[in-house]
Amino acid sequence: MPLPRGLLEQVKQLIPPLNGTLHKGQSGRVGVLGGALDYTGAPFFASISALRFGADLSHVICSPTAAGAIKSYSPDLIVHPILSPESTIEGVKSELSSLLSRLHVLVIGPGLGREEYMQNYARMALGLAREQGMFLVLDADALFLVGQDISLIKGYRRAVVTPNVVEFKRLSQQIGIDPKAPPGELAGLVSKELGGVTVLQKGASDIISVDTTGDNADLAASKLKGEDGSKENAKETVEVDVEGGLKRCGGQGDILSGCVGTMLAWGKCYEDGAFGEGKIPASRMPLLAAIGGSMVTRTASRRAFYKEGRGVVTEDMIPEIGKSFAEMFGEDAQGQDKGKL
């Protein structure tokens, strides 16, 4: 079912103009926190996808054991190997806080792993990001972290969680959602229990839901103090059934995280007045970003699958992101209406 036109137009309002008025950084500075000894591909896929989606700068915050490999994948990424198992939380806190202050969004989870030191760094980063009012994307083992302590994210409406089937079932159980509830309502129930966090439930079609009508929603905690609470209540579910590929390869979720992260970075630039008319409230941006990221990722999956078939791998999707963006939002949004060499 096509996305309602009004909703699609709202998503498109978050796309920065390509008219020469913005300087470097005003089309998004994205951070990806993850990457340890065993996991170097996931943070690369998330961070390079952010660039291919249209972010200006993409940073990877990782363990020194992952930095060399990630740097070798692409010179376009800025890699910060500060999450050392030999360092202390307090020793890294100041440097990480300074780094986050220069970013518009933080994606936590791709390649994070479950080693105690990486989970502790992620916990600290999440807290720092909330203090700074950053937009957040939580995926993979960041969802494992949140499942152990829901208070880390509860009430923070600038966040998007992107669970797959297994992660969604586990998270639902951890926060006490009735498994017998209608499948189409589960994402909304999770969002309500988390206090208005936007839920992107990945599947055959992606279910994106936000419900801020519960007691756990917190405008102040979300750095939305100036907003009118009575006008900020939202209960909305959107199904994105854009055709995707017929093979679900490992790493596709990392591409989704990078794409959603970039749209949230654009949302922050929009909120700060870099472009746009300023009519879209910050609390709505996670929903719109999740929709846009889902549409492009699914399209890139389809395009890559058509070319490679059963042998498709995540790396095949990366060159398709820009083309998929143009397919979803128009060649003018991608800048491809200006002529081609």
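**Notes on burial, packing and backbone**

1. At 56% relative accessibility, S94 counts as exposed (over 50% relative accessible area; buried is under 20%, partly exposed in between, with a 1.4 Å probe and protein chains only). S94 sits in helix 4, residues 89-100, where helices (H or I, at least four residues) and strands (E, at least two) are DSSP runs numbered from the N terminus. The C-alpha atoms of S94 and D215 are separated by 34 Å, the two residues being 121 apart along the chain.

2. On provenance, this is a predicted model, in which local features need pLDDT of at least 70 and side-chain atom pairs count only at pLDDT 80 or more, while totals for chains, interfaces and linings use all residues. Residues are numbered from 1 along each chain as its sequence is written, and side-chain values use heavy atoms, with hydrogens and water left out.

3. The largest nonpolar core has 69 residues, of which I291, M295 and F329 touch the most other members; a nonpolar core is here a set of buried Ala, Val, Leu, Ile, Met, Phe, Trp, Tyr and Cys residues joined through side-chain atoms within 4.5 Å. Helix 11, residues 285-308, gives the most to this core, with 11 residues. Apart from this core lies another, of 47 residues, among them L33, I82, V92 and L100. In soluble globular proteins, nonpolar side chains tend to be buried together.

4. Leaving aside neighbours within four places in sequence, F329 is in contact (heavy atoms within 4.5 Å) with L8, V11, K12, I15, G292, M295 and V296.

5. Helix 1 (residues 5-13) and helix 11 pack at an angle of about 95°, with their axes 9 Å apart; axes are lines fitted to C-alpha atoms, for helices over the stretch in contact, and angles run from 0 to 180 degrees between N-to-C directions. That angle makes helix 1 roughly perpendicular to helix 11, given that 65 to 115 degrees counts as roughly perpendicular, under 35 as roughly parallel, over 145 as roughly antiparallel and the rest as oblique. L7, L8, Q10 and V11 in helix 1 meet L288, I291, G292 and M295 in helix 11. By class, this contact has six nonpolar, two polar and no charged residues, where Ala, Val, Leu, Ile, Met, Phe, Trp, Tyr, Cys and Pro count as nonpolar, Asp, Glu, Lys and Arg as charged, and the others, Gly among them, as polar.

6. Within helix 1, the residues L7, L8 and V11 are buried. Seen down the axis of helix 1, its buried residues fall within an arc of 100°, so they line one face of the helix; the arc is that of the directions from the helix axis to the C-beta atoms. These buried residues pack against strand 9, helix 10 (252-271), helix 11 and helix 13 (321-329).

7. S294, found in helix 11, is buried with a relative accessible area of 0%, and touches D206, I208, V240 and L256, residues up to four places away in sequence being excluded.

8. In helix 3 (residues 64-73), A66, A67 and I70 are buried. Viewed down the axis of helix 3, its buried residues fall within an arc of 110°, so they line one face of the helix. They pack against helix 2 (41-53), strand 2 (57-61) and strand 3 (78-80).

9. With helix 7 (residues 165-174), helix 6 (residues 141-148) packs at an angle of about 10°, the axes being 10 Å apart, which makes helix 6 roughly parallel to helix 7. The axes of helix 5 (residues 116-131) and helix 6 come within 10 Å and cross at roughly 75°, and helix 5 and helix 6 are therefore roughly perpendicular to each other. The contact is made by Q119, A122, R123 and L126 of helix 5 and D141, F144, L145 and V146 of helix 6.

10. Phi of A140 is near 50°, a positive value in a residue other than glycine. Most residues other than glycine have a negative phi.
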